Amino acid sequence: MNIRQIMMNSIKELSSSATPKLDVELILCKVLDVDRLYLHINLDEDITKEQETEFYCLLNQRKEGRPIAYILGHREFMGLDFFVKEGVLIPRPDTEILIEEVINLSKSIKSPLIVDIGTGSGAISVSLAKYIKDAKVYSLDISDTALEVGKINAKNNNVEDRITFLKSDLFSSVENLNSKFDIVVSNPPYIKKDDIYNLDKDVKDYEPILALDGGEDGLNFYRRITKDSLMFLKENGVLAYEVGHDQAEDVKEIMIENNFKNIKIVRDLAGIQRVVIGF
Ligand code: GLN
């Protein structure tokens, strides 16, 4: 079988995916260890029986709904490459606006000390360490898998010397730290408990519920982190969140109740109120 034939045969089998052609090409690239351009200029090249078997094995996983990022083992975020596996949420483009805002905020702070609550794959921490050259980042997560994956991503992106990974229930592991933080950043679990069952199959069957479940009204972690952040932020410290599509006003309210004086809401490129920042 050649590249053209295997692509033609399999794209129609992936009708369950929103991007069948792209998924097929990416799986084929992984199996053949080539890039997409190579596929398109070598459509008549034969593939081996072993490659064909491996391809169909991965294709079947995709057919069942396993996200392409877990199949490939990585995902691009903020122009950086992140290793991902089951047990950590796949970085989403929705979160990039949060990174951009924090980068801007940090411009006026010398050697900012940042803490990322619920670091997951490390996408937020690693991007901030990468793009804010003098930042020092504490990356906290309760999940061992997250810490393991986060450390790999910090190393792969050459920022491991400026990130400290700690197993932590929210702020618990930094309670005895001598210094306070300039910025608390978080993309906490924010899906309402009852809405988890309505998420796409690819998400609810494969991504960690721990990283999605925000409790009854989806706001549990915003309440806890906002309250606790008062103890861990410097006088002029900043709290920056990603929020769900309809949560910005509620999160703003939570910040006001906790004495944040100025609140900024930022829309993402889709027009959704995606980031809430408290000063
Ligand atoms: N954006 C994710 C989703 O909609 C949720 C991430 C989160 O809970 N922080 O699946």
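## Domains and model

The protein chain is divided into domain 1 (3–64) and domain 2 (86–278), with bounds that come from an automatic or database domain assignment. The C-alpha centres of domain 1 and domain 2 lie 36 Å apart.

This is a predicted model, in which local features need pLDDT of at least 70 and side-chain atom pairs count only at pLDDT 80 or more, while totals for chains, interfaces and linings use all residues. Residues are numbered from 1 along each chain as its sequence is written.

Strand β6 (residues 181–186) is mostly covered, six of its six residues being buried; a residue is buried if 20 or more other C-beta atoms, placed from the backbone, lie within 10 Å of its own, exposed if 12 or fewer do, and partly exposed in between. Strands (E, at least two residues) and helices (H or I, at least four) are DSSP runs, numbered from the N terminus.

Strand β3 (residues 113–117) pairs with β6 in the parallel sense over four bridges, where pairing requires that DSSP finds at least two bridges between the strands. Within this pairing, D116 has V185 of β6 as its bridge partner. Strand β7 (residues 233–242) also runs parallel to β6, joined to it by five bridges, and I183 stands opposite V238 in β7.

## Nonpolar cores

The largest nonpolar core has 61 residues, and those with the most contacts inside it are L128, I183 and A240; such a core is a set of buried Ala, Val, Leu, Ile, Met, Phe, Trp, Tyr and Cys residues joined through C-beta atoms within 7 Å. Helix α7 (residues 123–131) gives the most to this core, with five residues.

Leaving aside neighbours within four places in sequence, L128 is in contact with I99, V102, I114, A135 and V137, contact being defined by C-beta atoms, placed from the backbone, that lie within 7 Å. Apart from this core lies another, of 10 residues, among them I3, L28, F55 and L58.

N236 has its place in strand β7 and is classed as exposed because 9 other C-beta atoms lie within 10 Å. N236 and F279 are 43 residues apart in sequence and 7.0 Å apart in space, C-alpha to C-alpha.

## Ligand surroundings

The residues around the ligand are R92, D94, N187, P188, P189, Y190, I191, V203 and L212, a residue being near a molecule if its C-beta atom, placed from the backbone, lies within 6 Å of it. By class, this shell has six nonpolar, one polar and two charged residues, with Ala, Val, Leu, Ile, Met, Phe, Trp, Tyr, Cys and Pro counted as nonpolar, Asp, Glu, Lys and Arg as charged, and the others, Gly among them, as polar.

Notes:
Contact = placed C-beta atoms within 7 Å.
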